[in-house]
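Colleague: Let's go through this model together. I'll ask, you answer.
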Amino acid sequence: MAELRKGTRITGAERDKLAAELRKKYEGGQSIRLLAESSGRSYGFVHRILSESDTTLRGRGGATRGTKKKTP
């Protein structure tokens, strides 16, 4: 993926192409942060593009604050 200049407006077919590229990589396991870094765009931009392209976003992961499971 070519690095885009920060702040450059991306519209029309170019935006659709970028969304498809990002979606494919995200669904392949890359994180939004990694996609943002490799494309030279912000986390928010990548998140918005993925959301606009109806990508099912993964949960945050990590530790949860639910109740502890009891071991028998």
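Colleague: Which side chain meets E52 in a salt bridge?

Modeller: First, this is a predicted model, where local features need pLDDT of at least 70, side-chain atom pairs count only at pLDDT 80 or more, and totals for chains, interfaces and linings use all residues. Residues are numbered from 1 along each chain as its sequence is written, and side-chain values use heavy atoms, with hydrogens and water left out. A salt bridge needs a side-chain nitrogen of Lys or Arg within 4 Å of a carboxyl oxygen of Asp or Glu. At 3.2 Å, N to O, the partner of E52 is R15.

Colleague: How many residues apart in sequence are the parts that E52 and R15 tie together?

Modeller: Helices are DSSP runs of H or I, at least four residues, numbered from the N terminus. E52 lies in helix α3 (residues 43–52) and R15 in helix α1 (residues 12–27), so the parts they join are apart by 37 residues.

Colleague: How many salt bridges are there by this rule?

Modeller: R23 also forms one with E27, their closest N and O atoms being 3.0 Å apart. These two sit 4 residues apart in helix α1, about one helical turn. By this rule the count is 2.

Colleague: Is S39 buried or exposed?

Modeller: Buried means under 20% relative accessible area, exposed over 50%, partly exposed in between (1.4 Å probe, protein chains only). S39 lies in helix α2 (residues 32–39). Its relative accessible area is 1%, so S39 is buried.
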